[in-house]
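Hi everyone, thanks for coming. I'd like to walk you through a few spots in this structure, so let's bring it up on the screen.

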Amino acid sequence: MTVEAMEARRAYQRKYRRKNRERINNKRRKWQSENREKVRGYNQRYWQKIAEEKRNTRASLAEFGIDEARLNELQEIVRSGEYDDLVESAAVKVDEDVSEYILMSVRENMSFDRMRIKWQLQEIPQMPYSRTSFYAKRRLFFHYLDTALRGLDAEREESDERK
């Protein structure tokens, strides 16, 4: 869909919602009153997710226990492709919507600004997050990857001790 078509669609939807606001709101209120348990469950999941994101997203790498040397090690592990399954699962654990962008950023040493240029040239789809959110999720990715690798190392040590 072209940019002009998307803008025309958004304008039409805004106009429709403005014109039919009362009818839309009445339908929404009726559905919510008939489906209170669904609404309650949705709200609980939503606010739990928000709380988890708030707790983790603004943390620095130092707060996650990752120093500059460890960050470089983790980046090399990602670029080497040695633990691809582990790397991809850590990226998906952060957020499925942004996982491909995190991996692209780390594997190709690409900044948010370089990715923005690529999506403006329509070489890649636009990322659904701001710069701040992206880098917060990228830090969380390194935390999950570091935790998974440390767990893997601990398992190896235990199996070596058993032998």
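Okay, look at Tyr 42: its relative accessibility is 48%, so we call it partly exposed. Bear in mind that this is a predicted model. Tyr 46 is partly exposed as well, because its relative accessibility comes to 36%.

What kind of aromatic pair do Tyr 42 and Tyr 46 form? It's a stacked one, 6.1 Å centre to centre with 20 degrees between the planes. The structure has 8 aromatic pairs.

Now for another pair. Phe 112 and Tyr 135 are tilted, with 55 degrees between the planes and 6.5 Å between the centres. Phe 112 is in helix H7 and Tyr 135 in helix H8, so this pair ties together parts that are 23 residues apart in sequence. Is Phe 112 buried or exposed? Buried, because its relative accessibility is 3%. Tyr 135 is partly exposed, at 26%. Both belong to one aromatic cluster, along with Trp 119 and Phe 134.

Trp 119 turns up again at the largest pocket, where it is among the residues nearest the centre, together with Val 3, Met 6, Gln 122 and Gln 126. That pocket has a volume of about 220 Å³, and 13 residues line it. Helix H1 gives the largest share of the lining, 4 residues.

Back in helix H8, find Asp 146. It counts as buried because its relative accessibility is 4%. Away from its sequence neighbours, Asp 146 is in contact with Ile 66, Arg 70 and Leu 74.

Methods: Residues numbered from 1 in each chain as written. Predicted model: local features only at pLDDT ≥ 70, side-chain atom pairs only at ≥ 80, totals over all residues. Heavy atoms only, no water. 1 Å grid on protein atoms, 1.4 Å probe; cavity = no way out; pocket = protein on both sides within 12 Å on 5 of 7 lines; lining within 4 Å. Points joined across faces, edges and corners; volume = space filled by probe spheres on them. Helix = DSSP H or I, 4+ residues; strand = E, 2+ residues; numbered from the N terminus. Buried < 20%, exposed > 50% of the residue type's maximum accessible area, 1.4 Å probe, protein only. Contact = heavy atoms within 4.5 Å. Phe/Tyr/Trp six-rings, centres within 6.5 Å; stacked < 30°, edge-to-face > 60°. Lists of a residue's contacts leave out its neighbours within four places in sequence.
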